[in-house]
Amino acid sequence: MKDSRNIQELAKAVNPDWMGMIFYPPSPRYVGDESEAILTDPFLKKVGVFVNEPLASIQEKAIRFGLSVLQLHGEESVEEVRLIKEKTGLEIFKVFKVGDQLDWSELKPYLPWVDYFLFDTFTKQHGGSGKTFNWDLLKTYPFDKPFILSGGIESEHMNAIVSLKKEVPQLEGLDINSRFEVSPGLKDIERIKAFKEQLIMAIAKVQ
């Protein structure tokens, strides 16, 4: 998100666990320096999304924008993630883009340094595709580490999300984006509010 009024209205109406800010210039949702003032709200748990960003730049933005979480969406190595974790002390979401298969052995070395894995649909570009991947691949998830589901999520996926949560309880969050937008970075607050309320009710029914 990047629009001041939209951010404040969504925070008040929905009270999200996390709110994402993209620090990747090619993205249409890129948060420029002109948005600095709106991102220092201490009541928002802000996630800074970075793509292969140098450590020094991540540190600087984390302080300047009051970030609570760093989402690493590039090809960051285990060593790079370790350094980012140790130098910033912030929560880390490490993104893995999923195609036709998942090799869990590739994720295992990251376990000591990440707080959540985030699974998104594979694209050649760094950014959302607005499409889902085969969520059945997550049913063999072998770790205790919690994960977040991303990639084209919309209200029509409600039953599938609840079913996956029931089968794989390590699913602890959803990253919703393009399907709930009026335009890039501008969210449809009523749609998000309705989605959250429906999801809470649906999960409660199966618990």
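Buried means under 20% relative accessible area, exposed means over 50%, and partly exposed lies in between (1.4 Å probe, protein chains only). At 0% relative accessibility, F50 counts as buried.

This is a predicted model: local features need pLDDT of at least 70, side-chain atom pairs count only at pLDDT 80 or more, and totals for chains, interfaces and linings use all residues. Residues are numbered from 1 along each chain as its sequence is written, and side-chain values use heavy atoms, with hydrogens and water left out.

**Aromatic pairs**

Rings of Phe, Tyr and Trp (its six-membered ring) pair if their centres lie within 6.5 Å; planes under 30 degrees apart count as stacked, over 60 as edge-to-face and the rest as tilted. The whole structure holds 17 aromatic pairs. F23 and F50 are stacked, because their ring centres lie 5.3 Å apart with planes at 10°. F23 sits in the loop between β1 (19-22) and β2 (46-50), and F50 in strand β2, so this pair ties together parts 27 residues apart in sequence. Helices (H or I, at least four residues) and strands (E, at least two) are DSSP runs, numbered from the N terminus.

W104 and F119 form an edge-to-face pair: their ring centres are 5.9 Å apart and their planes stand at 80°. W104 belongs to helix α4 (residues 104-107) and F119 to strand β5 (residues 116-121), so the pair ties together parts 15 residues apart in sequence.

| Residue | Relative accessibility | Class |
|---|---|---|
| F23 | 2% | buried |
| F50 | 0% | buried |
| W104 | 14% | buried |
| F119 | 0% | buried |

Ring pairs also link F96, W104, Y110, F117, F119, Y141, F143 and F147 into a cluster.

**Charges over rings**

A charge sits over a ring if NZ of Lys or CZ of Arg is within 6 Å of the ring centre and within 35 degrees of the ring normal. K94 places its charged end over the ring of F96, 5.0 Å from the centre.

**Nonpolar cores**

A nonpolar core is a set of buried Ala, Val, Leu, Ile, Met, Phe, Trp, Tyr and Cys residues joined through side-chain atoms within 4.5 Å. The largest has 51 residues, and L70, F117, F119 and L138 have the most contacts inside it. Helix α6 (residues 189-206) gives the largest share of this core, five residues. A second, separate core of seven residues includes V47, V69, V95 and Y116.

Contact means heavy atoms within 4.5 Å. Not counting residues up to four places away in sequence, L70 touches residues including G48, F50, I58 and F93.
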